[in-house]
Structure formats: C-alpha cells, structure tokens
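Open the model in your viewer and keep the selection tool at hand.

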Amino acid sequence: MSSPIDPHVDLYGYLGMTRNPDGSITRKPEFFPTVPPSYKPDPNPFPVLTKDIPINLEKKTWARLYLPETEFNSAPTKKLPLIIYYHGGGFIQGSAASLVFQNFCFKIANKIPALIMSMDYRLAPEHRLPAAYDDGMEALHRIKTTKDEWLNDYADLSKCFLMGSSAGGNIVYHVGLRAVMCVDDLAPLKIQGLIFHHPFFGGTQWTLSELRLSNDKVLPPLVADVLWDLSLPVGIDRDHEYCNPMMGIKSEVLMKVKDQGWRLLVTGCDGDPLVDRQIEFVRMLKEKGLDAIDEFSEGGFHGCESVDDSKAEILYSVVKNFVLSM
C-alpha cells in the first residue's frame, strides 16, 4: 500500500502513524480502514458470507470467517478446503477487519472455493515478536475445540493450508515450523501446505534488489528496516531468524515438513525490493529437499495484487491450482 508522504521527510507518517515522546506509536485509523463482517462491496461480485469468532478473549484475538454463499445455501455434500490467512502490515498495522484484506479474502474464498479463516493477531511494538507467532499457533489449536458450525459443517479440516501476505507470509513460516512439531496435537486439523504471498523477510545487509529499488514507492528498504526495529525483540538485529530465514536454519524441523508431505508455494514479483530474499528463501527450501513451488512475475510491487486486478487474477489462479491439487 503506497503512501503520499515522503518517507525521507516523515517516516512514521508514511507508515500511517505518529511516534510519541515515550517511544510508543499512535496509529491513524484512516491508513488501514476497517469494516464490519457485514460489509459487502457495492456492486457485490463476491457471494461470500462473513462472521467473526473469538480466539482468545484475554488477548483480544479473533478471526473472520469467509464462506461462499453457494455452499451455505446448499446441503453440504463435499466440504471445502480450509485456508487460515494471516494479514500483512509489517507486524505493526492492519487487522483481519481491514478493508484491503477483507476484499482479498472475499476473492480467494469465492475463486477456489474455500472457507477462509482470517486471523487477527497482536501487533508490535506493543506486542513484539514472537507474539504474532504465538497467536497464529493458538488459532490452530483453537480450531480442534471449536463449536463453530461453519468450521464443523463446511470445512475439511484434513485439507488445511496456511497462507499469509507480506508479514503474514513470515508468520506462516514460523507458525509452520512450530506446527510441524506437534501435528498429532493439532488433529483433526491436518496441514497440507504453506502459501507465502510476497513474504516479508529482512537482514542487516541490503540485497541487490533492495539496492536497486531503494526508492521504491511501496516498501523501500528504509521503511522495511524501521518495521523490523519496531517488531523484533528489543536488542535483536535483523539477522535474527525471525527476520532472516537464512539464519538459524532448523534442518531437522524442515525435514519433518518434508516427511509430512507438505507442499510450499512462494509468490513474488521483481518489482518488490524483497524479491532477492524471497528467491533465496525458495532456493533454501528446495536445497533441503522440500516440495517448494515458486511463482515470480515481472514488474509489480510489494502486495500489488491488492490494487492490480490482472496480477490478482493470476495469483488467485495459482493459489486455486495449488490448493485443489492436494
């Protein structure tokens, strides 16, 4: 999401927030406008029903469900794949109620079709990493005890996929590494694959693509570095494994991913400053023997599918083929 503010002039304003004297931040709600679950675009090309369910009342975490209306209006004969979606926003902005993510989930649910569970997690810097990973993992455990009728009646829990955009893609990686170590505890939920949509990774040294796109209008490296400063544990640099997946590679855990037969899909574009990190990430996965697929397009920018309909249609087709092939 591009901002009209020059990050070299007002970095926090570019991110839709102000920084307070005590180091805390105040978010500007208009930067990521939110909508209730009842919201429908007008005209409405997406016959999808939505509702919110709680995850952890104490932490104020919850999820928004998306169910294709055609499935709801007919007797369920074949259950739908379940996609657990983690939104983007650099770990510091956005929610499952953000309009941009609501529209994205509308389209994914309708195109596949699938039941989408869009997870709302705690944000940094109030809750620095690994809080988002903890919340993402808690959502998986919540599913096995849920009494929600949509999840029970319409979701095929044996065909579950974790999907995330930008920071959400980073969450998918770290939640996936945790989940593969406790697959029996998650039953009847069974993960089949991980989908990384423009995953947000970093490091202390800029890559060639970050240098080439240092003045990018959406996610310049200067901005990405600040996002990491706000979201990583205090005193940790950007070569920590939370940020840089090339550091602290857990080969034994990745071997369990391979043994489980999980498939991995990584999407990106060469107009994204993070593309070199994403390509390096895919290369590492393949070198570890994982069934990893990459789809990188020309042009574009970080998260371009939120505003570029032609690229969005390509992404939906790729995700649909990936999910339905399992």
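On a 1 Å grid over the protein atoms alone, a cavity is a set of points where a 1.4 Å probe fits but cannot get out, and a lining residue has an atom within 4 Å of a point. Grid points are joined across faces, edges and corners, and a volume is the space filled by probe spheres set on the points. The model is predicted: local features need pLDDT of at least 70 and side-chain atom pairs count only at pLDDT 80 or more, while totals for chains, interfaces and linings use all residues. Residues are numbered from 1 along each chain as its sequence is written, and side-chain values use heavy atoms, with hydrogens and water left out.

**Stop 1: a cavity.** There are five cavities of 30 Å³ or more. For the second largest cavity, select Tyr173, His174, Leu177, Glu241, Asn244, Pro245, Met247, Gly248, Ile249 and Lys250, which line it. The space inside is about 60 Å³. Its lining divides into five nonpolar, three polar and two charged residues; Ala, Val, Leu, Ile, Met, Phe, Trp, Tyr, Cys and Pro count as nonpolar, Asp, Glu, Lys and Arg as charged, and the others, Gly among them, as polar.

**Stop 2: aromatic rings.** Rings of Phe, Tyr and Trp (its six-membered ring) pair if their centres lie within 6.5 Å; planes under 30 degrees apart count as stacked, over 60 as edge-to-face and the rest as tilted. The whole structure has 15 aromatic pairs. Tyr173 and Phe281 make an edge-to-face pair, 5.1 Å centre to centre with 90 degrees between the planes. Tyr173 sits in helix H6 (residues 167-179) and Phe281 in helix H11 (residues 275-287), 108 residues apart. Helices (H or I, at least four residues) and strands (E, at least two) are DSSP runs, numbered from the N terminus.

Are these two side chains buried or exposed? Tyr173 is buried, at 6% relative accessible area, and Phe281 is buried at 0%. Buried means under 20% relative accessible area, exposed over 50%, partly exposed in between (1.4 Å probe, protein chains only).

Next, Phe196 and Phe281 have ring centres 5.2 Å apart and planes at 80 degrees, so this pair is edge-to-face too. Phe196 belongs to strand E8 (residues 191-197), 85 residues from Phe281. Phe196 is buried, with a relative accessible area of 0%.

**Stop 3: helix H9.** Select residues 221-231. Nine of the 11 residues of H9 are buried, among them Trp228 and Leu230. What do the buried residues of H9 pack against? They pack against helix H1 (11-14), H6 and helix H8 (208-212), where contact means heavy atoms within 4.5 Å.

**Stop 4: Glu210.** Move to H8, which holds Glu210. Glu210 is buried at 5% relative accessible area. Its side chain makes a polar contact with the side chain of Arg277 at 2.9 Å; a polar contact is a pair of N or O atoms within 3.5 Å, and within protein one must be able to donate a hydrogen and the other to accept it, with residues adjacent in sequence counting only if both atoms are side-chain atoms.

Terms used: On a 1 Å grid over the protein atoms alone, a cavity is a set of points where a 1.4 Å probe fits but cannot get out, and a pocket is an open set with protein on both sides within 12 Å along at least five of seven lines; lining residues have an atom within 4 Å of a point.
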